Amino acid sequence: DETRLYLNRIIQFSSRDEYRYHEGLALLPAGYLREPKRVLILGGGEGLLAREVLKLPSVEEIVVVDLDQRIFDLGINHPRLQQINEGSLTHPKVKTVAQDASLFLRFDSTNFDLILADLPDPSNEAVARLYSTYFFRLAKKSLAPGGVFATQAGSPFHTRKAYWCIVETLRATGYNSVVPYHIYVPSFGEWGFVVAADRPLGAPTLPSGITTRYLEPGRLRHHFEFAPDISDLPKVKANTLDQPVLLDYYLGEWKTWRKEKIQ
């Protein structure tokens, strides 16, 4: 009665609790926008984040950019995944693009109201670049005026330095507002996200007229409060292409939790 997806032996989701993660990454950032029309999803080729974005009645177009066409094929053709993602990848509002996220942002000229980065954890040098000031500036350039960017950022408990490094990197990118938040996902543990915009971001809200399984309007502030053992760390550096400190933070912290070395 459970379906899990693993990439390189690392769990990507469990059907038992994935809705917590995907509601958090899609709907909390969307709550800072009145009527988002164009949405870009970087990663998320299995279609679960697109499923949540499709709940927003104002959305006219969703572009999902994932590196591997085989993930799209899995999300479209696998019966269990198709059931879980509710056929989101074949919805007429959804366009899939098999391409590197950096290349897409570099060469595409479309402006998006909402950009969501659902990318892997920075466990190697190539992926760590997707959490650099360079990458975040590319995303910032692709935002429409008043737009919102959000990214998954790993565990503020297991990889605390890495999480706050991503927050600091977004601050260094030049956004007017950078707001960290977290959600408990049983399959992952405490999980962190960051939302950023070039305008002040007020109190969090949920888009009106949508149905959720986990998020509640009256409890949203809890996700933006950090207990002492997962709170911000001083002297954490921003991650740049010249100084990819995020990879060192991430690998160093995981060594304390894993017996097997990360290759």
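How do the residues of the lining of the second largest pocket divide into nonpolar, polar and charged? They divide into six nonpolar, four polar and two charged. This briefing concerns a predicted model.

**Pockets**

- The second largest pocket holds about 200 Å³ of space.
- Its lining is formed by A30, G31, L33, R34, E35, P36, L56, P57, S58, T205, P207 and S208.
- The largest pocket has a volume of about 1,300 Å³, and 43 residues line it.
- Of these lining residues, L7, I10, Q12, P120 and D121 lie nearest the centre of the largest pocket.
- Two or more lining residues of the largest pocket come from each of β1 (4-7), β2 (10-14), α1, β4, α6 (125-128) and α9 (245-254).
- The greatest contribution to the lining of the largest pocket is that of β2, with four residues.
- By residue class, the lining of the largest pocket comprises 20 nonpolar, 13 polar and 10 charged residues.

**Nonpolar cores**

- The largest nonpolar core contains 41 residues, and the members that touch the most other members are L28, I41, V53, I62, L116, V195 and L215.
- Elements that give two or more residues to this core are the helices α1 (18-30) and α2 (48-53), together with the strands β3 (38-43), β4 (61-66), β6 (112-118), β7 (143-154), β8 (177-185) and β9 (189-197).
- With seven residues, α1 gives the most to this core.
- The contacts of L116, not counting residues up to four places away in sequence, are L25, A26, P29, L40, I41, L42, L49, V53 and A150.

**Helix α9**

- Helix α9 is largely enclosed by the rest of the structure, because seven of its 10 residues are buried.
- The buried residues of α9 are V245, L246, L247, Y249, Y250, E253 and W254.
- These buried residues pack against α6 and α8.
- Helix α9 also gives two or more residues to the lining of the largest pocket.

**Salt bridges**

- Side chains of opposite charge can pair when their charged atoms come close.
- The structure holds 13 salt bridges.
- In the salt bridge between E2 and R4, the closest N and O atoms are 2.8 Å apart.
- Both partners of that pair count as partly exposed, E2 at 31% relative accessibility and R4 at 44%.
- Salt bridges with shared partners join D1, E2, R4 and R16 into one network.
- E52 and K55 meet through their side chains in a salt bridge with an N to O distance of 2.7 Å.
- E52 counts as buried because its relative accessibility is 2%, whereas K55, at 28%, counts as partly exposed.
- R171 and D232 form a salt bridge in which the closest N and O atoms are 3.3 Å apart.
- This pair links distant parts of the chain, since R171 is in helix α8 (residues 160-173) and D232 is in the loop between β9 and α9, 61 residues apart.
- R171 is partly exposed, at 35% relative accessibility, and D232 is partly exposed with a relative accessible area of 35%.

**Selected loop residues**

- H223 is located in the loop between β9 and α9.
- H223 counts as buried because its relative accessibility is 2%, under the 20% limit for that class.
- Not counting residues up to four places away in sequence, H223 touches Y181, H182, I183, Y214 and L215.
- Most residues other than glycine have a negative phi.
- N8, although not a glycine, has a positive phi of about 55°.
- N8 lies in the loop between β1 and β2, and counts as exposed because its relative accessibility is 73%, over the 50% limit for that class.
- K235 likewise is not a glycine, yet has a positive phi of about 70°.
- K235 is found in the loop between β9 and α9 and, at 82% relative accessibility, counts as exposed.

Terms used:
Residues are numbered from 1 along each chain as its sequence is written. This is a predicted model: local features need pLDDT of at least 70, side-chain atom pairs count only at pLDDT 80 or more; totals for chains, interfaces and linings use all residues. Side-chain values use heavy atoms; hydrogens and water are left out. A nonpolar core is a set of buried Ala, Val, Leu, Ile, Met, Phe, Trp, Tyr and Cys residues joined through side-chain atoms within 4.5 Å. Buried means under 20% relative accessible area, exposed over 50%, partly exposed in between (1.4 Å probe, protein chains only). Contact means heavy atoms within 4.5 Å. On a 1 Å grid over the protein atoms alone, a cavity is a set of points where a 1.4 Å probe fits but cannot get out, and a pocket is an open set with protein on both sides within 12 Å along at least five of seven lines; lining residues have an atom within 4 Å of a point. Grid points are joined across faces, edges and corners, and a volume is the space filled by probe spheres set on the points. Ala, Val, Leu, Ile, Met, Phe, Trp, Tyr, Cys and Pro count as nonpolar, Asp, Glu, Lys and Arg as charged, and the others, Gly among them, as polar. A salt bridge is a side-chain nitrogen of Lys or Arg within 4 Å of a carboxyl oxygen of Asp or Glu.
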